[in-house]
Amino acid sequence: MASSQNPQKQTSEQLQTLMQGGGQISGSLSFSGLMSKEDEEMSKSALSTFKAKEEEIEKKKLEVKERVQAQLGRIEEETRRLASIQEELETLTDPMKKEVSVVRKKIDSVNKELKPLGQSCQKKEREYKEALDAFNEKNKEKVQLITRLMELLGESEKTRMKKLDELSKSIETVQ
């Protein structure tokens, strides 16, 4: 920015030197090298216009520089704020990862314990089913035996009653 300021000042100083020294700038200057009052006033007017423009440029340049500085300040503030937010995100993520990892390890451990327990349950269920089937089979056999016993007892009773009746009839015929 400083290099653009120097050429403007140099141009301004050269213009002043030419105007004061009576050099030829335009066709309106006299041949003798002296400026007429009209030329001198035009030069002064041009110089003051040039200075005014230069002051205006300098003023705008300062305004832009101030706005740039303000923007840079806001950008730095936003950068700090975003860095803080990013830091918070990282701290939030880490504990969750650790907790998730711990829970997953516990799940794996429980799964390892469940596998033999499940196999044991299946084995005992098979044994229970086999025992229940054996129990039911024996119970069925018992019911059949009781039924057979009742039949035999019924037949035996009938046979004895029949014999008793026969014996009773035989005694009655002997009398």
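Predicted model: local features only at pLDDT ≥ 70, side-chain atom pairs only at ≥ 80, totals over all residues.

Student: How many helices and strands does the protein have?

Tutor: Helices (H or I, at least four residues) and strands (E, at least two) are DSSP runs, numbered from the N terminus. Here there are two helices and zero strands. Helix 2 covers residues 37–174.

Student: What share of the residues is buried?

Tutor: Buried means under 20% relative accessible area, exposed means over 50%, and partly exposed lies in between (1.4 Å probe, protein chains only). Of the 175 residues in this protein, 5% are buried.

Student: How do I read contacts?

Tutor: A contact means heavy atoms within 4.5 Å. Take the contacts with a separation of 6 or more: residues 24 or more positions apart account for 48% of them.

Student: How many salt bridges does the structure hold?

Tutor: A salt bridge is a side-chain nitrogen of Lys or Arg within 4 Å of a carboxyl oxygen of Asp or Glu. The structure holds six. One of them joins Glu-56 to Lys-60, with the closest N and O atoms 3.7 Å apart.

Student: Where do Glu-56 and Lys-60 lie?

Tutor: Both are in helix 2, four residues apart, which is about one turn of the helix. Glu-56 is partly exposed at 40% relative accessible area. Lys-60 is also partly exposed, at 49%.

Student: Which side chain does Lys-61 meet in a salt bridge?

Tutor: Lys-61 meets Glu-58, at 4.0 Å from N to O. The two are three residues apart in helix 2, so about one helical turn separates them. Lys-61 counts as partly exposed because its relative accessibility is 27%. For Glu-58 the value is 25%, so Glu-58 is partly exposed too.

Student: Which residue pairs with Glu-151?

Tutor: Arg-148 does, with the closest N and O atoms 3.6 Å apart. They too sit in helix 2, three residues apart, so about one helical turn lies between them.

Student: How do I read a surface patch?

Tutor: Patches are made of residues with over 30% relative accessible area and no salt bridge; like charges are joined within 9 Å, nonpolar side chains (Val, Leu, Ile, Met, Phe, Trp, Tyr) within 5 Å. Here Leu-82, Ile-85, Leu-89, Leu-92 and Met-96 make a nonpolar patch of about 490 Å². Leu-89 is in helix 2.

Student: Which residues form the negative patch?

Tutor: Lys and Arg count as positive and Asp and Glu as negative; His and the chain ends are not counted. A charge is placed at NZ of Lys, CZ of Arg, CG of Asp or CD of Glu. Glu-127, Glu-130, Asp-133 and Glu-137 form the negative patch. Asp-133 lies in helix 2 and is partly exposed at 44%.

Methods. Residues numbered from 1 in each chain as written. Heavy atoms only, no water. Areas by Shrake-Rupley, 256 points an atom, 1.4 Å probe, with all protein chains shown as cover.
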